[in-house]
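Student: Please take me through one part of this model in close detail. I would like the aromatic rings and the packing around them.

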Amino acid sequence: MRALPIAVTALAAALALTSCDGGGSSSSSGKSGDSAGSAKKAAVAACVIGDAGIQVGPANAATAAGDTGNIPVTLTNKGAQCTLKGFPGLSVQAGGTSADIAADKSAAPEQLTLAEGDTASFTITYVRGAAGDAKTLAVKTLKISLPGAGTTQSFPWSYGPVAGKGSASEPNASVTPFQHAGD
């Protein structure tokens with residue numbers, strides 16, 4: 001019985017303390033801290049692939065059918081400060097066939113702000129397929145795009161064929177969200 005009044009009192013004290021931060025950062029009073037922070041966030045544009053240096057690998061490639069391989073990709077911002085949020089857009093191509101690589105559903109993306117020279121990375125994980133198998137895509141090219149942009153950059157794929165999850169049009173591969181790389 002006594003636990004409820006103590007819990008309510010503790011909650012009220014916690015709320016009173018958080019409402020007295022003195023900085024005004026959570027109010028809408030228009031103080032300079034608020035508007036400057038909001039303007040800065042709004043002014044930072046999404047990163048564009050044309051302003052990025054991209055390095056694919058070195059990879060921990062799958063060597064035999066059924067093995068799993070990992071390919072790290074590093075992106076260096078060579079333009080103005082920009083943001084990345086979510087997952088890169090990836091597709092693999094073999095001849096006239098193209099298939100998208102799905103985002104890793106277990107990972108939660110964060111928004112990254114990259115100054116000029118900052119780096120971010122992501123990792124492609126794939127299962128190697130058996131050459132000649134109808135459920136395998138004999139990948140020759142990897143295409144990468146950044147969130148919110150339709151332009152892509154192409155890179156050679158030298159990591160072997162990619163197994164399909166049921167068909168070659170659904171590769172057994174996934175990509176992690178962007179994360180800060182380096183220091």
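Tutor: Start with a definition. A residue is buried when its relative accessible area is under 20%, exposed when over 50%, and partly exposed in between. By that rule, both Trp157 and Tyr159 are buried. Keep in mind that this is a predicted model.

Now the rings. A search of the whole structure finds 3 aromatic pairs. Take Phe122 and Phe178 to begin with. Their ring centres lie 5.6 Å apart, with 90 degrees between the planes, and the pair is edge-to-face. This pair links distant parts of the chain. Phe122 sits in strand 8, while Phe178 sits in the loop between strand 13 and strand 14, 56 residues apart. Phe122 has a relative accessible area of 2%, so it is buried. Phe178 is at 4% relative accessibility and therefore counts as buried.

Next, Trp157 and Tyr159. Their ring centres are 5.0 Å apart and their planes stand at 85 degrees, so this pair is edge-to-face. The cut-off that matters here is an angle over 60 degrees. Ring pairs also bring in Tyr126, making a cluster of Tyr126, Trp157 and Tyr159.

Trp157 leads on to the core. The largest nonpolar core has 34 residues. Ile124, Ile144 and Trp157 are the members with the most contacts inside it. Strand 8, residues 119–127, gives the most to this core, with 4 residues. As a general point, nonpolar side chains tend to be buried together in soluble globular proteins.

Setting aside neighbours within four places in sequence, Ile144 is in contact with Ile49, Ile54, Val56, Val73, Gly89, Leu90, Phe122, Thr151, Thr152, Gln153 and Phe155. Phe122, from the ring pair with Phe178, is one of those contacts.

Thr141 gives another view of Trp157. Thr141 lies in strand 10, residues 141–145. Thr141 and Trp157 are 16 residues apart in sequence, yet 4.9 Å apart in space, C-alpha to C-alpha. Not counting residues up to four places away in sequence, Thr141 touches Ser91, Val92, Gln93, Ser154, Phe155 and Trp157. At 22% relative accessibility, Thr141 counts as partly exposed.

Now go back to Phe122, by way of Thr176. Thr176 lies in the loop between strand 13 (173–175) and strand 14 (179–180). Phe178 is in the loop between strand 13 and strand 14 too. Leaving aside neighbours within four places in sequence, Thr176 is in contact with Phe87, Pro88, Asp104, Phe122 and Thr123. One of these, Thr123, has its backbone nitrogen 2.9 Å from a polar atom of the Thr176 side chain. Thr176 and Lys105 are 71 residues apart in sequence and 8.6 Å apart in space, C-alpha to C-alpha. With 18% relative accessibility, Thr176 counts as buried.

Finish with a polar side chain, Asn77. Asn77 lies in strand 3, residues 68–77. Its relative accessibility is 3%, so Asn77 counts as buried. A polar atom of the Asn77 side chain lies 3.3 Å from the backbone oxygen of Ala115. Beyond residues up to four places away in sequence, Asn77 touches Asp51, Cys82, Leu114, Ala115, Glu116, Gly117 and Asp118.

Notes. Residues numbered from 1 in each chain as written. Predicted model: local features only at pLDDT ≥ 70, side-chain atom pairs only at ≥ 80, totals over all residues. Heavy atoms only, no water. Helix = DSSP H or I, 4+ residues; strand = E, 2+ residues; numbered from the N terminus. Buried < 20%, exposed > 50% of the residue type's maximum accessible area, 1.4 Å probe, protein only. Contact = heavy atoms within 4.5 Å. Polar contact = N/O pair within 3.5 Å; in protein donor to acceptor, adjacent residues only side chain to side chain. Core = buried A, V, L, I, M, F, W, Y, C linked by side-chain atoms within 4.5 Å. Phe/Tyr/Trp six-rings, centres within 6.5 Å; stacked < 30°, edge-to-face > 60°.
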